[in-house]
Number of protein chains: 2
Amino acid sequence: MDTAALADQLRQRVAQVRDPELGVPLGELNAVHAVRLRDGCVELYLELIPPVRWIAQQLEQACRLAIAELLPEAPVEIYVREREIPRGSTPPSLSEVKHMLAIASGKGGVGKSTVAANLAVALAQAGATVGLLDADIYGPSAPTLFGLQGMPLHARKDEHGRVIGIPHQRYGVRVASMGFVLQRDQAAILRGPLLAGYFMTLVEQVDWGQLDFLLFDLPPGTGDIHLTLAQKVPLTGVVLVTTPQELALADVRRSAAMFHRVNVAVLGIVENMSYFTCSRCGHREFPFGESGGERLAEELQTVLLGQLPLDPLLQRASDEGIPAVEHPAGAHMRALFAELARCVVREIRRHYARTAAPPPEIQL
Amino acid sequence: MDTAALADQLRQRVAQVRDPELGVPLGELNAVHAVRLRDGCVELYLELIPPVRWIAQQLEQACRLAIAELLPEAPVEIYVREREIPRGSTPPSLSEVKHMLAIASGKGGVGKSTVAANLAVALAQAGATVGLLDADIYGPSAPTLFGLQGMPLHARKDEHGRVIGIPHQRYGVRVASMGFVLQRDQAAILRGPLLAGYFMTLVEQVDWGQLDFLLFDLPPGTGDIHLTLAQKVPLTGVVLVTTPQELALADVRRSAAMFHRVNVAVLGIVENMSYFTCSRCGHREFPFGESGGERLAEELQTVLLGQLPLDPLLQRASDEGIPAVEHPAGAHMRALFAELARCVVREIRRHYARTAAPPPEIQL
């Protein structure tokens, strides 16, 4: 068999390997860019739907196994690059941000900010570079959650003389908050359009730099900031946080409808305060009812990304200014949020797989 | 002793009786309007700070005892009237409403609407005539809580041809809600001033009739509706609902400051989701931290009106459209809310006692 024919066979074999998250063969995903044989060594070029960090290793192993079936002895080098996802116009400050996620809830008080903060830290713990923009005007909570109360947003001037804010870095997350730029009482007297202006300042005049993920922790409801965000920022999608009870679900439905109207994909639902475990007897109870999140996910044709407990530690950690996933007593929370982060990333990839048409195949 | 001297002695005796809630002697309160002796019968005329329903009986007994010390055999007739509380200009629709209370929270999701609904029903269970105006635009919950989803607000034309809405009557409470007049999606696109307009429609063009209490269930935060309410309606005061954690307390602080600025008295704080009792082992836990409400009440120089549990029944009852205090399984909730209602009424009286200067004493 000549080299070209062998390479083609290898290519066909690798094309049948399935993306571990998407469940689709790499061939169908047009992910096998090229297979080359050079000096007895197999070079495999993959182009995968981002973010690939979490699946790269698993997928590489599967590819190595597929190649070993034909060439058990050959050394294999695998080159992975991320497929470029086309996106709309982006403010320059976000040009190096790969994935932008809105964290929203129809209703306040469901723990959205706590979930956003811990999710951000969990992504950072997994090795990603992460930013968190706390856009909640009336109740900015990132300063409290990250132990940054009363800290001003430091700034520098760029080469054009523009003032650029430098986000705080805590627990591996770059944090900027309306709480850093607005006086507490000021929020109460600002009307919608003005608020949206402040919000865009926080988007555009902060030095976000290179980020894998930027999370926008949005205020509850469906107001000016939500619309401004959807218009000005190429969001990957929105993660909706809810509690299981019917009253909260109704608000989430409305929120989902709003994002649908402005063409922002709902990546999934996080059910918070799903259950409470008695610290004495271990009995699990459902203070806000059961499986509301599941029903809602079904109804909205999206996925339930995770169920988080009503846990005193989440509360205590927040008040102490340490995200629960960084808290010494937070091992169980770390595990839960690591899994949640995995699921969110999986849904980002699924979303890209659905929406980003694969590029035309090019033979090298 | 002549009749006049005896009446004067009786008057002095009764003047030493203390108002059971205010702890102040009736004399200091200028509450003893007159004591007359007519045909061997003692007629005692009291003018008390409203609402008197809850203390009338207790106070009457105390007065009878005081009179019996001087005239053990004489029949006693006690006439009680409520002192008129001066108040600002009032929309005609509220002219027959005695006490108007705002139920507010800085933050959403603290269970404010559930507390407001059950408090309203508890007041009605105690014999008061009660109305509830659900002014929460983005998340109107009274329709769900009272099992009135999808119900329109019926209306009639008054003698001037104006359209007047007729509130729904459920569980002894007259209920009107933004949810009855606004389409769900409509809320998302209405700006502040327009919202305030809708709100005033609900205040002014609803046939509230005679009410002891009208509760305004406000949206979270400190927006247009709050300011409009404070300007247009002579509120008795505001009851703030919070959960015990620091993040919620910060929002409540801001809310209290806003009401202070517009001269609305904070009557007290209700701490919701204070504790959770394991249904299996009875262990009491504090998922949101402990005694936050107490600390906040102290800080704001107001009182903690009550602590309500995080109870699955509250949730279940809400979703079923039956307020927990009316639920067959809600005996403990009925007791808790009856006590809360008592405390709210006590604080209303204390507030009037502080602010309403007693009228000049008139001798009949």
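**Entry 1: a proline in a loop**

I started with Pro51(B), which I found in the loop between strand E2 (41-48) and helix H2 (56-70) of chain B. I kept in mind that this is a predicted model. Next I looked up the peptide bond from Pro50(B) to Pro51(B), and that bond is cis, with omega near -10°. Then I turned to chain A. There, the bond from Pro50(A) to Pro51(A) is cis, with omega near -10°. Pro51(A) sits in the loop between strand E2 (41-48) and helix H2 (56-70) of chain A.

**Entry 2: a positive phi**

While I was looking at loops, I checked Asn263(A). Its phi is near 60°, which is a positive value in a residue other than glycine. I located Asn263(A) in the loop between H9 and strand E12 (266-271) of chain A.

How do helix H3 and helix H12 of chain B cross? I looked up H3 (residues 112-125) and H12 (residues 331-355), and their axes come within 9 Å and cross at roughly 85°. Angles of 65 to 115 degrees count as roughly perpendicular, so I wrote down H3(B) and H12(B) as roughly perpendicular to each other. From H3(B), the contact is made by Val115(B), Asn118(B), Leu119(B), Ala122(B), Leu123(B) and Gln125(B). From H12(B), I listed Arg334(B), Phe337(B), Ala338(B), Leu340(B), Ala341(B), Val344(B) and Val345(B). Sorted by class, this contact has 10 nonpolar, 2 polar and 1 charged residues.

**Entry 3: salt bridges**

Over all chains, the count comes to 36 salt bridges.

**Entry 4: where the chains meet**

How many residues does each chain bring to the contact? I noted 43 from chain A and 44 from chain B. Together the chains bury about 3700 Å² between them, with 55% of it on carbon and sulfur atoms. On chain A, Leu247(A), Arg254(A) and Gln315(A) supply 16% of the area buried against chain B, more than any other three residues.

Which elements of chain A supply at least two residues each to the side that touches chain B? Among them are helix H4 (142-145), helix H8 (224-232) and helix H11 (312-320). H9(A) gives the most, with 6 residues. By class, I recorded 17 nonpolar, 13 polar and 13 charged residues on the side of chain A that touches chain B.

Methods:
Residues numbered from 1 in each chain as written. Chains lettered and ligands numbered in written order. Predicted model: local features only at pLDDT ≥ 70, side-chain atom pairs only at ≥ 80, totals over all residues. Heavy atoms only, no water. Axes fitted to C-alpha atoms, helices over the stretch in contact; angles between N-to-C directions. Helix = DSSP H or I, 4+ residues; strand = E, 2+ residues; numbered from the N terminus. Parallel < 35°, antiparallel > 145°, perpendicular 65-115°, else oblique. Contact = heavy atoms within 4.5 Å. Nonpolar A, V, L, I, M, F, W, Y, C, P; charged D, E, K, R; others polar. Buried area = accessible area lost by both parts, 1.4 Å probe. Salt bridge = Lys/Arg side-chain N within 4 Å of Asp/Glu carboxyl O.
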